[in-house]
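Please look over the sequence and the structure shown below before reading on. The paragraphs that follow lead through them step by step.

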Amino acid sequence: MTTVARLVLGGVLIAAGALKIGNPADSVVAVKAYQLLPESIAVAVGYALPILEIVVGVLLVVGLLTRVAAVIAALLMFAFVFGIGWAWAKGLRIDCGCFGGGGQLGAGQEPTYLLDILRDFGLVLLGAWVARFPPGRFALDGALGLGGDTHDEDEGDD
């Protein structure tokens, strides 16, 4: 189970970062749209976020520093849940920018806050699972002696 959780969470982060890194200006627009951070911090976060997502995603997929990466991923997803909930509570009409794009919604477009929150909260739970249990099969942590036991609690499921 941990291997699957690690690969799903890592794959989602890599996809999200890869879709943003080619156009970081859109990522900045998406972060600013939440109206949560001062301008200078929002710009820095907008540029750094795709890189962080890719690095953490790759660490999870290869199983290197797995527990640290899982904690960072879970905190990142929790921050996204908070941000989306904030936008919803403030009555903002924005695209989450989760997989590129982002910013104000156009005429006729409706926010998908509930689905975005449910998806990201599920990813928070996957991050917590990966942080709690050994990294699973095919993890570099085990090969390098960094992660202790590499097998899932229930090897038959993985």
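Leaving aside residues up to four places away in sequence, Ser 27 touches Lys 20, Gly 46 and Pro 50, where contact means heavy atoms within 4.5 Å. The model is a predicted one, in which local features need pLDDT of at least 70 and side-chain atom pairs count only at pLDDT 80 or more, while totals for chains, interfaces and linings use all residues. Residues are numbered from 1 along each chain as its sequence is written, and side-chain values use heavy atoms, with hydrogens and water left out.

Ser 27 has its place in helix H2; helices (H or I, at least four residues) and strands (E, at least two) are DSSP runs, numbered from the N terminus. With a relative accessibility of 5%, Ser 27 counts as buried, a term that stands for under 20% relative accessible area, whereas exposed stands for over 50% and partly exposed for what lies in between (1.4 Å probe, protein chains only). The buried residues in H2 are Ser 27, Val 28, Ala 30, Val 31 and Ala 33, and they pack against helix H1 (2-21), H3, strand E1 (94-95) and strand E2 (103-104). After H2 comes Gln 35, whose phi is positive, near 55°.

How do H2 and H3 lie relative to each other, and what is the angle at which they cross? The axes of helix H2 (residues 24-33) and H3 come within 8 Å and cross at roughly 130°; axes are lines fitted to C-alpha atoms, for helices over the stretch in contact, and angles run from 0 to 180 degrees between N-to-C directions. H2 and H3 are therefore oblique to each other, since angles under 35 degrees count as roughly parallel, over 145 as roughly antiparallel, 65 to 115 as roughly perpendicular and the rest as oblique. H2 passes H3 in a right-handed crossing; a crossing is right-handed if the near helix is turned clockwise from the far one by less than a right angle, and left-handed if anticlockwise. On the side of H2, Pro 24, Ser 27, Val 28, Val 31 and Lys 32 meet Glu 39, Ala 42, Val 43, Val 45, Gly 46, Tyr 47 and Pro 50 in H3. The residues of this contact divide into eight nonpolar, two polar and two charged, with Ala, Val, Leu, Ile, Met, Phe, Trp, Tyr, Cys and Pro counted as nonpolar, Asp, Glu, Lys and Arg as charged, and the others, Gly among them, as polar.

Helix H3 (residues 39-62) also packs with helix H4 (residues 66-89), at an angle of about 140° and with the axes 9 Å apart. H3 and H4 are therefore oblique to each other, and their crossing is left-handed. Among the residues that meet here are Leu 49, Leu 52 and Val 56 in H3 and Ala 69, Ile 72 and Phe 80 in H4. The contact of H3 with H4 divides into 11 nonpolar residues, one polar and one charged.

A search of the whole structure finds three aromatic pairs. One of them joins Trp 88 and Tyr 113 in a tilted arrangement, 5.9 Å centre to centre and with 35° between the planes; rings of Phe, Tyr and Trp (its six-membered ring) pair if their centres lie within 6.5 Å, and planes under 30 degrees apart count as stacked, over 60 as edge-to-face and the rest as tilted. Trp 88 lies in helix H4 and Tyr 113 in helix H5 (residues 113-132), so the pair ties together parts that are 25 residues apart in sequence.
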